[in-house]
Amino acid sequence: MADTSVPKAMEGLAISKTKELKGTEKRDTLVEIEKKYQQKWQEEHIFEVDAPSTEEFPFGSITAEELREKFPKFFGTIAYPYMNGRLHAGHAFSFSKIEFHTGFARMQGKRCLFPLGYHCTGLPIKASADKLVKEVQMFGRDFENYKEEGEIEVAPVEKAAREDLSKFNAKKGKAAAKTVKAKYQFQILHSVGIPLEEIHLFADPQYWLQFFPPECKKDLTNFGARIDWRRQFVTTDANPFYDGFVRWQMNRLKELNKIKFGKRYTVYSIKDGQPCMDHDRSEGEGVLPQEYTALKLKVLEWAPKAADVLKGKIPEGASVFLVPATLRPETMYGQTCCFVGPALTYGVFKASEKEYFVITERGAKNMAYQGIFEKEGVIEKAADIKGSDLVGTLINAPLSFHPQVRVLPMDTVLATKGTGVVTSVPSDSPDDFAMVTELAKKADFYGIKKEWAELEVFPIIQTPTSDLLAPYLVKKLKISSPKDTKQLLEAKELAYKEGFYQGVLKVGDFKGEKVEVAKPKVRDQLIKAGDAFAYSEPENKVVSRSGDECTVALMDQWYLDYGEESWRTIAYDYVENKDGTGLNTWSPDTQHAFKGVVDWLRQWACARTYGLGSKLPWDPHFLVESLSDSTVYMAYYTIAHWLHMDLFGREKGKANIEPQQMIDEVWDYVFCRTQLTDEVIAKSGIPKATLEGMRREFEYFYPLDLRVSGKDLIPNHLTFFLYNHIALFPREYWPKSVRANGHLQLNGEKMSKSTGNFMTLDDVVKKYGADAARVALADAGDGISDSNFVEDVADNTILRFYNNKEWIEETIKDDQLRTGELNSFQDALFDNEMNALVNEAKKHYEETSYKLALKAAHYDFLNARDSYREACNAGGITLHKGLVSKYIRLQALILTPIAPHWSEYIWTEVLQEPQSIQFARFPEVPAADSALSAAREYVRTTSSNINSAEAAQLKRMAKGKQSDFDPKKPKKLTIFITESFPAWQAKYIDLLKEVWDPATNTQKIDDKELNGRIGKMGEMKKAMPFVQALKRRLRDGEVADEVLARKLVFDEKTTLLAMIPGLKRAAGLESIQIIAVEEGSKKGKNITGEGEEVNVKTPIADSALPGQPSFFFENV
């Protein structure tokens, strides 16, 4: 009997919180269709696309621009996925954006290239493999010796106050926002479906490169991706062709002086012995070094407890300094004390033979690798001492009006920020002023002498508000103690902004200078005098993938100088895109984010010593780091299939050449940086025709038309991608657009493996099929804010697609369908609505607004069909055969970008088209007729309003206001219409005529100003909805002259008369009477009769407006 017990290693892993399906027959039918066409597309190489060959158009006979004009193309890519696991739904969300765009571009008649490679560079794979080596040693090859033990709790990450896209905030699930349990690496791999007995193979980092890329390809093929798989590759020196490409890139950047060498601060892992860059981190992606001024406050007299603790532990004659780290050296003139955390433990660390620093362990780790301690990387601690024991110590305060100050307690001092020592400037720091005030009030409670906290507070900076800004703000915001944290945070922000940007120094050698000018001068003065030194630490917590909490090191490094002024200016101008020839970011938020990053980005270390990657050509003990070897690889896609047929470059490609033949000069020529010479041909041994063929591929497909990625890559990869293209390629080959999307939630909650609210792409496609998954991804959202994949949407899509398929197959065979001319009501409205929706879908596809495109192409299109069926049924007529055929054809075509499998089935199996729908063009239909569109909207609105009117009448009856109507008895509906607007509306029509521009179909003034003018004219309550209704008609495309002339573009009477059969059926009415009334009259004309005059008794008739009838129900 099989063992069904759960392995001990897997106990406690999260149970899935995702939706449970009930019944899969319909899904299975659709999935069978999907598999059929995926195989057919693959067999027919439908997504493999090449540039027009040099045989068709000899090289030099036509320019690249002319070739692209003659044969329009689209080249789109997504950030290639990292190969340390399976693709998840979040990956699929980004993939879907380029996938839908590619599908639509194909339907525009373009040659569409969507390639994909696999990123393997950097620390994550190597770190994970190294963990497995240890775990195999600990638990055995198949982890059979694993025994449950106490698992480590990962602390929650503090939520940021706000999101600024120019400063990266990691939200990718790398650090959960709630406490979760850490797992062993083997458990993580097992959780994604890898058998325990195979996991030991992943202890070899190269095995990851063999295992995960085929899984990625399989998942995306099952998803229906339109990818040219001939161009796939892995990064690192595992592929010698790609390795040569990266070395060329580095060589050329160095020659251009973009890569430099020198001392610079970098986030550093002591455990790994190298810089820890963004992709090497499990926590703290985007965090940079923060540079401080570290002050040396010399101990003049120890507090008694401190003297006892340190007796005999510090060499005779050595100086000891408390070392606070400050961001505001210009305020040091105002020091009145120094704070320590009384509950913290400090170390007395040896800086040199004669100098010792009192700081936290964390501070010492940072200083050890910044050239501050005498021995680099060596931390020597003479003693530990409690913060409370330091209180009362007398110290020297450089620059201060009070040369000698005391060490005082402050409970809010953190060991995780700075050095754990804080110098106090109560004139300009609200926190400091609140604390010294508290200490002076409660000196006995804190165990200090009152006079220590009562040193005079001198004004040192003049601002527009005050020269004692901190006391002023504490008083203004009514801060009574250091516990008023919310008010203190507000005061701190106000004090810093006003002090730094508007402050003028009142004292010292730089008196009269603006603070922002004086600040670096004061800092230099302190450092030159030996009273301070430069100190840096990570601005927030950073943890490497090896589990090490990182520090900052001052290292000799190869770095890319993104802060170089000329380079930065070109990048900024390209992003700003003032002339329309720069970068299209698709949204102002994305552009703002890019501009913010370009503003602050300076130097970026481009090399490391540990991990996977390509060696730096001129310094081979370094590897190119993972965000620097992945900036221009889109160019590599254009010729990848010429170089190799497999992932690793072992099988020669179309060019039939060896990796070593791709010398730097060849890359230069292929990428249009130089012209071809006999010397390059001879040196490389590559035939001229081959070189020209490769260049043709590049110059045809480049520039990249669209780059899609998550917004979290704007602060690094996407910005580097722009910089490197600008440096390496001619202007005409710079990227044309970048579309950034938000992260993906699952069922309204953050995706998280630990909570079970997580799905891989494979999970999603197996559960719902490809097309339903794609629809749910399109429905999830399009903006830069986070989107939401809702499983109910995917589940409901299965039913819609299945039922629509069944209806189409049955209806197209129906020999009872009408033929001949279309009628003027049901047929005309449906035909026009289909035209409108096709054009609307096209507009949204062009704007990459896929949620709206889906709405028009799927939901609204289905609703239009259903409304047509209901209208024909109510009118006692069958559907029109020509319109049914048109519907089927258009539905298949306009859904193709999003749901290609279902569309392909309808196209080839139902419509019997000989060629795949993947080669079809997006349909061209006439523009919608505004009169018919208005009539269709009138039909919809009127039907809905009739239901609402009956409900309102019943509500009035329930309140005792009407007692003669019983909806359960036979009932009659009277509809009141009118041809004239009320007289009071004339002035608002005149106002709209004044502020509406018919040429652009836009409002000349903003809504705030318009609403203000309406308010001054009286009748605000009824005028506002009236004006809004008119504006809606104008924006929906009705002709301004007709709307503002108070004329309907359709015949209301004729439309209502045609609606009667449907209304009677829908509302269960015995009869309907339509009466035309005039304002102020008690008489009306019976439109449903012979036009005879009738008495109007109900006041409801007075509320009728042209295009907005009123309704009255009664029993008959």
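Glu833 forms a salt bridge with Arg940 (a side-chain nitrogen of Lys or Arg within 4 Å of a carboxyl oxygen of Asp or Glu), the closest N and O atoms being 2.2 Å apart. Glu833 lies in helix α27 (residues 826-846) and Arg940 in helix α31 (residues 930-958), so the pair ties together parts that are 107 residues apart in sequence. Helices here are DSSP runs of H or I, at least four residues long, numbered from the N terminus. Glu833 is buried at a relative accessible area of 10%, whereas Arg940 is partly exposed at 34%. Buried means under 20% relative accessible area, exposed over 50%, and partly exposed in between (1.4 Å probe, protein chains only).

The model is predicted: local features need pLDDT of at least 70, side-chain atom pairs count only at pLDDT 80 or more, and totals for chains, interfaces and linings use all residues. Residues are numbered from 1 along each chain as its sequence is written, and side-chain values use heavy atoms, with hydrogens and water left out.

Arg940 also forms a salt bridge with Glu937, with the closest N and O atoms 3.9 Å apart. Both residues lie in helix α31, three residues apart, about one turn of the helix. Glu937 is partly exposed, with a relative accessible area of 41%.

The count of salt bridges comes to 73. Another of them joins Asp664 and Arg252, whose closest N and O atoms are 4.0 Å apart. Asp664 belongs to helix α20 (residues 664-670) and Arg252 to helix α8 (residues 240-255), so this pair ties together parts 412 residues apart in sequence. Asp664 is buried at 18% relative accessible area. Arg252 is buried at 9%. A network of salt bridges links Glu48, Asp50, Asp228, Arg230, Arg231 and Glu697.

Aromatic pairs number 68 in the whole structure. Rings of Phe, Tyr and Trp (its six-membered ring) pair if their centres lie within 6.5 Å; planes under 30 degrees apart count as stacked, over 60 as edge-to-face and the rest as tilted. Phe245 and Phe671 have ring centres 6.0 Å apart and planes at 85°, so the pair is edge-to-face. Both of these residues are buried. Phe830 and Tyr868 are stacked, at 4.3 Å centre to centre and 10° between the planes. This pair links helix α27, which holds Phe830, to helix α28 (residues 850-874), which holds Tyr868, across 38 residues. Phe830 and Tyr868 are both buried.

Charges also sit over rings (NZ of Lys or CZ of Arg within 6 Å of the ring centre and within 35 degrees of the ring normal). Arg106 lies over the face of Phe919, at 5.4 Å from the ring centre. Arg774 lies over the face of Phe223, at 5.2 Å.

Note on methods. Helices (H or I, at least four residues) and strands (E, at least two) are DSSP runs, numbered from the N terminus.
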